[in-house]
Amino acid sequence: MTTGKSEYFFKHRHIFGIEQFSVEDIAHILSTARSFKEISERPIKKVPTLRGKTIINFFFESSTRTRLSFEIAAKRMSADTFNIAASTSSTTKGETLIDTARNLEAMRPDIIIIRHASSGAPLLLSRHVNASIINAGDGAHEHPSQGLLDMMTIIEHKGQMSGLIIAIVGDIAHSRVARSDIIGFTKLGATVRVAGPATFMPSGIEQLGAHVCSSVEEAVDGADVVMALRIQHERLKDPLIPSLREYSTFFGVNRKLLERAKADVLIMHPGPINRGVELSPDVADGPGSVIMDQVTNGVAVRMALLYLVLGGEKNSDG
Amino acid sequence: MNTLIVLQNGRVIDPANAVDRKADVWIQDGRITEAGSAIPPDAQVFNLEGKWVVPGLIDMHVHLREPGQEYKETVETGAQAAAAGGFTAVACMPNTNPINDSASVTRFILERAAGAAARIYPVGAISQGSNGAELAEYGEMKRAGVAALSDDGRPVVDSQLMRRAMEYASGYNLLVISHSEERSLSHNGSMNESVVSTRLGLKGIPNAAESIAVFREVALAELTGVPVHIAHVSTGDSVDIIRYAKSRGVRVTAETAPHYFTLTDAAVEGYNTNAKMSPPLRSESDRQKIRIALQDGTLDAIATDHAPHSILEKNVEFDHAANGIIGLETSLPLTLALVREGVISESRMVELMSVAPARILGVPGGSLAVGDVADVTVIDPERQFTYTKEMIVSKSANSPFIGWKLQGKAVLTLLGGRTTHNVL
């Protein structure tokens, strides 16, 4: 039946990155996530929506938070979940990603959630299996569920994304979170500023919509949201920065720096935090910090993604 | 005496002899012979109305994978692919297993080349095992039949070794071919450094990784007075350096590959491993500068860097995928596109694909004068086809051009008068 309005339809079977989404897609995912968030507040945190569905968590890189978040999301919707870590998988025995994927496929999973050190690995996997693929972080490419939970958290506190000034501070070059955030935030109308040592700024990042600031002070000036990214210790050897101490002195997010931001500035971090390096402890635990809200919303966003890639209400049991 | 072959009514484009006109080419006993007034009744006649007759194409940069990786290509299959693409000779790089760093490996390759569908000119290694440490035995390899020297794929890091290689090679009249890449800068990169690499989250390789190495090679060529050849130029910056070096009288020659004047790094989108090669596909501005350099003579030759890989190396994560694509069967149609677009003339194309490679390597070919060996390529500039996986003659199918509609094709290839390819 046709109505006057065109019916929205979530058409994505796979989730590779925020780049694939329209503004309407993002709004739909977030509104679905908001409706699922309440389930996690119930005494009995389980709905039958994905009963009988098989979901494999296929993690080639170590992860605690994201893997657990996806697993909880799946279980709260009654799906059966299985975890494979790189150390226990056959990839350490020389099996290729595609061979491993075909073997998984033979067991008929409905969704494979993959984290992999190689950018593009989820796309490669999707070409060889019938299951829906959800990217849980691939190389320095994208981390779409993180981008979505960040958007959900900001909108929860600020009402909307449009018109906000958001500063992302840290290693933009090696961060898949930064890419998903920059793409998503700008799609929704926010201004994104990035700051960090020049060695952390990837080529052409302006063309993705980010404003590159010459100092962290400039980036934070008048900001509604400040997000600090985790500094990976291996960057010291690359060599991209001389020491964590120097990084912290010039790019650490602390109280004093935040005096330049709006009074009600939100502090975010994709975790895990190096306390005292990219974020001072008082800021991480301070009044504007929504870092734990990010974690809570992560479950809701992932429930929404699992639900939507399997066809939403058309395919659900509840 | 063998049958007389008459290539009739074709447009003969033979810039080495300042010929570009409709004419007949007569071949007897594997050589070009004086055209007579009447064609004998027993002659084998090819009517080539509307076709171009050019000296056999020469690809001075291919990988034939034998010995060691015969599942990707062999001398035999590589030569067949060459013939199908209109090539009558190829120079094969030494990064086989074992590496061609000794007379015995050179002799093995040449034994495999006997009776092949193309002339095979092995390129010997610059250093033993291409390890960048000690010189290989150039004299022995030259005697066994190498045509040039290169550590292609494993560029010489040590500038002193490169200097000594160039000097020592000159004593045997051997050209050093440089894979110009500063590895400490291209370090772990898997594509061009650009907004595309940033968006895809792939580690980038800046143009400077090539410029630094190209500049070193021309500086060493100037220092030693010995010629050097720059392989697979991918950037506008390299072109500028080579142009400058030539203006100073440095004895430098250079080649580029069809993918560098046809594609840009946008081809990597979707993590297409058939768009991964070393050096990587660059920006549109680089592509334009390479086209101009082919026109103005800064670049001397077109070579394919034909690099066969199986799906084992290509159907994997992008950053784990092997570098390189096959090119022998698409080089001519992609170059003919430059002719149609007015970038280069027909005779310039023949210079780039035949005359110059023969001259740079110091091998026969590139000319259709009476008495020359009858290596001849006949081109149908109008023939249109869709390049499909099924039509590939090479043992591997790693090409970004599969599915492309191409125009212009080698329809007849003669190697010393022997037909090695005929789709007339």
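**Exercise 1.** In this predicted model, find what stands opposite A:I113 in strand 4 of chain A.

*Solution.* Start with strand 4. There, A:I134 stands opposite A:I113. Next, take the pairing as a whole. Strand 3 (residues 111-116) of chain A and strand 4 (residues 132-138) of chain A run parallel, joined over five bridges. Now turn to strand 1 (residues 54-59) of chain A, which also pairs with strand 3 in the parallel sense, over five bridges. Here A:N57 is opposite A:I113.

**Exercise 2.** Decide whether the faces of strand 3 of chain A are covered or open.

*Solution.* Take one side: A:I111, A:I113 and A:R115 are buried. Take the other: A:I112, A:I114 and A:H116 are buried too. Both faces are covered. The count is six of six residues buried.

**Exercise 3.** Describe the side of chain A that touches chain B.

*Solution.* Count first: the contact takes 21 residues from chain A and 18 residues from chain B. Then assign elements. Helix 3 (97-106), helix 4 (121-126) and helix 6 (176-187) of chain A each supply at least two residues. Helix 4 gives the most, three. Finally, sort by class: nine nonpolar, nine polar and three charged residues on the chain A side.

Methods:
Residues are numbered from 1 along each chain as its sequence is written. Chains are lettered from A and ligands numbered from 1 in the order in which they are written. This is a predicted model: local features need pLDDT of at least 70, side-chain atom pairs count only at pLDDT 80 or more; totals for chains, interfaces and linings use all residues. Two residues are in contact if their C-beta atoms, placed from the backbone, lie within 7 Å. Helices (H or I, at least four residues) and strands (E, at least two) are DSSP runs, numbered from the N terminus. Ala, Val, Leu, Ile, Met, Phe, Trp, Tyr, Cys and Pro count as nonpolar, Asp, Glu, Lys and Arg as charged, and the others, Gly among them, as polar. A residue is buried if 20 or more other C-beta atoms lie within 10 Å of its own, exposed if 12 or fewer, and partly exposed in between; C-beta atoms are placed from the backbone. Two strands pair if DSSP finds at least two bridges between them.
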